[in-house]
Amino acid sequence: MPFSHLTDNLNKLAQQGLYRSRRILASPQGIHLQLGGKSAVNFCSNDYLGLANHPAVVQAFKDAADTYGVGSGSAHLICGHGTAHHALEDELAAFTGRGRALLFSTGYMANIGVINALVGRGDTVFEDRLNHASLLDGGLSSGAKFKRYAHADTAHLETLLALATGNKLVVTDGVFSMDGDFAPLPELAAVAKKQGAWLMVDDAHGLSVMGKHGGGLLEHYGLGQDDVPVLMGTLGKGFGTFGAFVAGSEMLVETLIQSARTYIYTTALPPAIAEATRASLHIIQTENWRREKLTALIARFRSGAEQLGLSLMPSSSPIQPILIGDSQHTVAISNALLAAGFLVSAIRPPTVALGTARLRVTLSASHEEAMVDGLLDALDAINGTLGQAC
């Protein structure tokens with residue numbers, strides 16, 4: 001039978017503890033979720049500032065739907081680019097301190113489109129070994145020579161850059177999504193300039209969260225457009241909505257409009273999403289207490305986890321992984337946490353390397369101290385029950 005091997009492949013994934021299943025939510029995205037008729041405190045969402053169901057964001061979406069309808073009807077370059085899109089692009093450019101910004105329908109599409117538009121045959125793309133899959137796929141599909149440097153190792157990167165020819169594009173995550181650590185952006189920017197390369201940063205998990213005003217890892221390090229010519233950010237995480245954008249110079253954005261196939265050949269975001277995002281951007285810029293509270297919750301979780309002897313990874317971001325190792329054991333702990341009323345994702349290969357399965361705890365400004373303490377108590381109890389699992 002055609003594709004008969006697929007059944008065997010699925011069975012092997014299940015035996016190895018790598019089979020993935022979807023959970024069906026019956027509630028809005030937030031801290032309290034309804035799953036299969038039961039409630040759980042959510043510790044696995046990327047809604048870091050609690051904006052996905054914020055009343056002002058929801059109202060902006062409703063009002064825009066009354067004005068613009070639902071679908072955008074076309075690609076941006078046909079008849080799908082509206083006043084809401086254009087206003088959001090202008091505001092994102094100002095927010096990031098860049099010449100222009102360009103909306104994409106998803107972060108995956110943004111990364112694929114940008115890398116393919118900037119490099120090709122005869123060029124070289126350099127990527128951190130722990131980059132997100134969309135960045136890796138963008139580099140592999142571009143036709144450029146593909147080089148991976150050791151995680152956050154600028155010396156290794158510089159060695160590779162010195163041997164390369166053609167246009168050179170260095171690509172990195174800002175905050176790494178599975179470890180929660182920061183890319184060494186000042187050092188990467190210096191090496192890229194020295195070797196005549198452009199630096200592209202995917203700051204999906206840093207924008208809105210890091211920096212005094214939510215400007216992300218670039219604000220955190222005090223870097224500008226000259227240091228990082230290409231900045232990508234997503235809107236479905238800290239912004240609480242959907243989509244993505246790329247910000248940079250006039251030349252960069254015009255190049256992407258003309259050449260990025262994932263921009264040219266896809267339907268534009270619904271205008272109501274753009275208006276909702278404008279509302280969330282306003283909150284990001286004006287309600288600094290959200291970042292301050294999030295920082296305090298991160299410190300509380302790390303302090304409690306260290307007291308319990310849990311295997312934390314070095315992260316000061318809302319992403320707080322607990323290293324377990326074995327995939328099946330990680331799933332067992334995740335299931336036990338859910339039974340105790342806490343939703344925490346089990347992250348397994350191929351998302352992370354073999355033998356490094358982990359619980360990926362993510363914190364939100366919507367959490368309260370009692371929730372963090374409750375999660376720590378549950379981890380402590382499960383740790384004892386399952387035999388030093390963490």
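In the predicted model, helices H2 and H12 are roughly antiparallel to each other, because angles over 145 degrees count as such and the axes of H2 (residues 55-68) and H12 (residues 271-286) cross at roughly 150 degrees. The two axes come within 8 Å, and the crossing is right-handed. On the H2 side the contact comprises Ala 56, Val 57, Ala 60, Phe 61, Ala 64, Ala 65 and Tyr 68, which meet Pro 271, Ala 272, Ile 273, Glu 275, Ala 276, Ala 279, Ser 280 and Ile 283 of H12. By class, this contact of H2 with H12 consists of 13 nonpolar residues, one polar residue and one charged residue.

Helix H12 also packs against helix H4, with the axes of H4 and H12 8 Å apart and at an angle of about 25 degrees. Since angles under 35 degrees count as roughly parallel, H4 is therefore roughly parallel to H12. The crossing of H4 and H12 is left-handed. From H4, the residues Ala 84, His 85, Ala 87, Leu 88, Glu 91, Leu 92 and Phe 95 meet Pro 271, Ala 274, Glu 275, Thr 277, Arg 278, Leu 281, Ile 284 and Gln 285 in H12. The residues of this contact of H4 with H12 divide into nine nonpolar, three polar and three charged. Pro 271 and Glu 275 of H12 take part in the contact with H2 and also in that with H4.

The chain contains an open sheet of seven strands with mixed pairing, arranged in the order E3-E9-E8-E7-E6-E4-E5. Strands E3 (100-104) and E5 (145-149) stand at the edges and each have a single partner strand, so that one side of each is left without a neighbour in the sheet. From one strand to the next, the twist of this sheet averages 20 degrees. Within the sheet, strands E8 (residues 230-234) and E9 (residues 244-248) run antiparallel and are joined by four bridges, with Met 232 standing opposite Val 246 in E9. Helix H4 (residues 83-96), described above for its contact with H12, packs on this sheet as well, where it touches E3, E8 and E9 and its direction makes about 125 degrees with that of E3. Helix H5 (residues 107-118) likewise packs on the sheet, touching E3, E4 (124-128), E6 (168-173), E7 (198-202), E8 and E9, and the direction of H5 makes about 165 degrees with that of E8.

A further open sheet is formed by three strands in the order E10-E13-E12, with antiparallel pairing. Its edge strands are E10 (319-325) and E12 (345-347), each of which pairs on one side only, and the twist averages 30 degrees from one strand to the next. Three bridges join E12 to E13 (residues 357-362), and among the residues of these two strands Ala 346 has Leu 359 in E13 as its bridge partner. Helix H14 (residues 327-339) lies across E10, E12 and E13 and runs at about 35 degrees to E13.

Taken as a whole, the protein chain has 15 helices and 13 strands. Its C-alpha atoms fill a box of roughly 60 × 55 × 55 Å along the principal axes. For 390 residues, a compact globule would have a radius of gyration near 21 Å, and the value of 21 Å for the protein chain agrees with this.

Terms used: Residues numbered from 1 in each chain as written. Predicted model: local features only at pLDDT ≥ 70, side-chain atom pairs only at ≥ 80, totals over all residues. Heavy atoms only, no water. Axes fitted to C-alpha atoms, helices over the stretch in contact; angles between N-to-C directions. Parallel < 35°, antiparallel > 145°, perpendicular 65-115°, else oblique. Left-handed = near helix turned anticlockwise from the far one by under 90°. Contact = heavy atoms within 4.5 Å. Nonpolar A, V, L, I, M, F, W, Y, C, P; charged D, E, K, R; others polar. Pairing = 2+ DSSP bridges. Rg over C-alpha atoms; globule rule 2.2 N^0.38 Å.
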